[in-house]
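Colleague: I would like to learn how to read a model like this one. Please take me through the features one at a time.

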Amino acid sequence: MTSTGFDKNGLDGAGIHWLQYLSMTSMSFLIFLVALDKAVPSFHNLILISMAKVGILCN
């Protein structure tokens with residue numbers, strides 16, 4: 001998929017909106033982070049510690 005630019009409505013030449021590109025990129029990044037969290041125990045611990053520090057997790 002290549003894009004040469006977006007028109008005033010936010011569509012590229014193929015008719016894809018720029019928010020659709022953002023959504024695809026965000027979902028790919030989320031899938032990568034979930035796989036990394038499951039594969040690397042130290043990354044999982046880092047995530048848990050970070051969530052505890054910001055108050056998302058309460059131990």
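**Reading the model**

Modeller: Start with a residue: L22 sits in helix α1, which covers residues 18-39. Helices (H or I, at least four residues) and strands (E, at least two) are DSSP runs, numbered from the N terminus. This is a predicted model: local features need pLDDT of at least 70, side-chain atom pairs count only at pLDDT 80 or more, and totals for chains, interfaces and linings use all residues. Residues are numbered from 1 along each chain as its sequence is written, and side-chain values use heavy atoms, with hydrogens and water left out.

Colleague: Which residues make the nonpolar surface patch?

Modeller: Patches take residues with over 30% relative accessible area and no salt bridge; like charges are joined within 9 Å, nonpolar side chains (Val, Leu, Ile, Met, Phe, Trp, Tyr) within 5 Å. A salt bridge is a side-chain nitrogen of Lys or Arg within 4 Å of a carboxyl oxygen of Asp or Glu. Here F6, W18, L19 and L22 make a patch of about 410 Å². Areas come from the Shrake-Rupley method with a 1.4 Å probe; for residues, only the protein chains shown count as cover.

Colleague: How many aromatic pairs does a search of the whole structure find?

Modeller: Rings of Phe, Tyr and Trp (its six-membered ring) pair if their centres lie within 6.5 Å; planes under 30 degrees apart count as stacked, over 60 as edge-to-face and the rest as tilted. The search finds one pair. F6 lies in the segment before α1 and Y21 in helix α1, so the pair ties together parts 15 residues apart in sequence. Y21 is buried at 17% relative accessible area; F6 is partly exposed at 43%.

Colleague: What span should helix α2 have?

Modeller: The expected span is 1.5 Å times one less than the number of residues. Helix α2 (residues 41-54) has 14 residues and should span 20 Å; its end C-alpha atoms are 20 Å apart, which agrees. G55 follows α2, with a positive phi near 95°.

Colleague: And the whole chain?

Modeller: The chain has two helices and zero strands. Its radius of gyration is 18 Å, well over the 10 Å that the globule rule gives for 59 residues, so the chain is more spread out than a compact globule. That radius is taken over C-alpha atoms; the rule is 2.2 Å times the number of residues to the power 0.38. Buried residues make up 8% of the 59.

Methods
Buried < 20%, exposed > 50% of the residue type's maximum accessible area, 1.4 Å probe, protein only.
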